Amino acid sequence: MRILTSLLLLGYSASIFAQLNVRNNTYIYVKDEVVFVKDNINLNEADSKIYLRDESQLIQGDGTSGNSGLGELSIYQEGNVNQWSYNYWCSPVGGILTDNFLNNSFRVNQIDDPLLLTVSTIDSDDSIFTNNYNGNSTPLIISNRWLWTFVSSDSNSDWVYVGETGDVSPGLGFTMKGMGSAVTGDQTYDFRGKPNNGTIGNSIADDVFTLVGNPYPSAIDAALYIHDTDNINAIDGTLYYWEQDGTVNSHVLQDYVGGYYEFTINATGDMITDSPAVFTTYDEDDNSYPLMTPLNGVKSAGRYIPIGQGFMVKGITSTSGTVYAKNEHRVYEKEGGNSIFFRNGSHNSAQESDNSQIIYQDNGLTIVPEDYKRFRINVDFTVNQSKYTRQLVLNFHDSATAGFDRGLELSRSENFANDAYFTIDNKIYSGQAYPFDQALVIPLNVDIQEQQPLRFRIFDIQNFEENQDIYIHDVQTNTFVNLRDEDYELNIDAGNYTNRFEIVFMQQNVLDVKDYISESVTVVQNNNLQELSILNPNNLNVKSIEIVDVNGKHILKRQFDASTEIYKLSTANLSDGVYIVNIRLNETIMSQKILVKE
């Protein structure tokens, strides 16, 4: 056990304690380092303090009793939006209501106004709250009009007003608008209270959103959070970060231009998949990704979720339960290359963390590992002379499956009347994953509310051979356009196009999946025997037979070195539904739909 009088910890290093007790008008002042406490912290008296400054963080281990005492932790975080826009927050501290061992609810009036600190003037003033629409930076005046949580119930979620005195449960997020009239803000907030510690759970509901966040005075690892065994059965694996166009000078809801940036990461933490919010169109130069312009849905997040960051999660279908943040998710990661309070700004590969294998390109997007392939499709809409872009992501890896691939696929946060998307089991996605094969057929759904120009563009191609074509296939006109060479532009009528557009990798009409039986090869699905038979009486040179679901996902594939008159494949493990059988004969692919049903 460690009992401390006043102590300053300066410099970039680590301080390790078994337990930490601060007593009797004493404090710990920590500058630019991490403090690790294996067990628990006791800030005994009300004048016992811990001050974390200059990117300092506090990490705790496996203590079971919980933090206690009447003293407080003080930790800074910077907001980065102006008076018109929201940051999503999650407090790293709770209230000091009684001398208990619990993580207590937070109230926004625990945020203080930081002053110029010296060792002798180490406290700060309370912030001021106003009912006016706009706050103020100096002194810190926070408008209480914009302080809300978004909480799930049994079957839905809703915005709940909390103001400066309402309780926000540990781990829940809340909204707060920033300061100043510039496009982006820069306001420091001093969070004060008892440091949160241990496992923190928040209720989530079936297929609805909840605003949560990082509840600790340290960063947390998004890979550990998303792939935690408890969270796998609770949330869909996508984190949704709010971003808003700071040039729209209005507090009127109908005027807001904003949306959710979608983020996920694989279990090993070396593969980020993300898609920006839909604002306006991208630069005409496909090689230019305007990360430095905070107007076009171009914010990004890193692997490590910084202190104070709030985000939305979505409950998985048919499950109501709890999403957890845990001490084992915590990591010391200073804000920079891989830990970013959700903001505009470019990543710098030179800032790559020792904790992360993620590397960034000059355009700010991540470089995928060598065994992955990736490209993005920008779909441009023009509605009443207003343009915006929906970006879709396609990942390719041998580990991808016919079903949902957690950490590689992006669930969609919201759909517009004019939009583009993928589907899995009738759910909408911004990103999908496949094992790559030239015979892939990837349906791309498009909803159009009114007649307009429509454009498909390819962007950010990684690890594809230079000679590997990538086509958009317009089934209605039987048009193949190699997006590596040119964009595909057309005028399109209103409608819901679920079967018109698809991404393919070979320009052959046989990829236009239709019902037919070849004169030479017959496909027979025997549901009584749960068996697929391919009859080949002319002994044609069949190279491979594969079964693909209607979303283009590979279910199984068999390759052959010699021809025979009949091939048999078991369908016992296939769910009921329609599948496509692709038969490769040398350079020709023949396709046939089958119905699998018990």
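User: Which residue in β51 is the bridge partner of arginine 584?

Analyst: In this predicted model, arginine 584 has isoleucine 589 as its bridge partner in β51.

User: And how do β50 and β51 run relative to each other, parallel or antiparallel?

Analyst: Strand β50, which covers residues 577-585, runs antiparallel to β51, and nine bridges join the two.

User: What's the strand order in that sheet?

Analyst: The order is β48-β47-β50-β51, an open sheet of four strands with antiparallel pairing. β48 (554-559) and β51 (588-596) are at the edges with a single partner strand each, so one side of each has no neighbour in the sheet. From one strand to the next, the twist averages 15°.

User: Back to arginine 584, what does its side chain meet in a salt bridge?

Analyst: The side chain of arginine 584 meets that of aspartate 437 in a salt bridge, with an N to O distance of 3.5 Å. Aspartate 437 sits in the loop between β38 (427-434) and β39 (441-448), whereas arginine 584 belongs to strand β50, so the pair ties together parts that lie 147 residues apart in sequence.

User: Are those two buried or exposed?

Analyst: Aspartate 437 and arginine 584 are both buried.

User: New topic: how many salt bridges does the structure hold?

Analyst: There are 23 salt bridges in the structure. One of them joins arginine 390 to aspartate 419, whose closest N and O atoms are 2.8 Å apart. That pair links distant parts of the chain, with arginine 390 in strand β35 (residues 386-396) and aspartate 419 in strand β37 (residues 419-424), 29 residues apart.

User: Why do arginine 390 and aspartate 419 count as buried?

Analyst: Buried means under 20% relative accessible area, and arginine 390 counts as buried because its relative accessibility is 3%, while aspartate 419 counts as buried because its value is 0%.

User: What about lysine 31, which residue does it form a salt bridge with?

Analyst: Lysine 31 forms a salt bridge with aspartate 54, and the closest N and O atoms of the pair are 3.9 Å apart. Lysine 31 is partly exposed at 36% relative accessible area, and aspartate 54 is partly exposed at 44% relative accessibility.

User: Last one, which residues are linked in a network of salt bridges?

Analyst: Salt bridges link Lys49, Glu72, Asp112, Asp190 and Arg192 in a network.

Note on methods
Residues numbered from 1 in each chain as written. Predicted model: local features only at pLDDT ≥ 70, side-chain atom pairs only at ≥ 80, totals over all residues. Heavy atoms only, no water. Pairing = 2+ DSSP bridges. Axes fitted to C-alpha atoms, helices over the stretch in contact; angles between N-to-C directions. Salt bridge = Lys/Arg side-chain N within 4 Å of Asp/Glu carboxyl O. Buried < 20%, exposed > 50% of the residue type's maximum accessible area, 1.4 Å probe, protein only.
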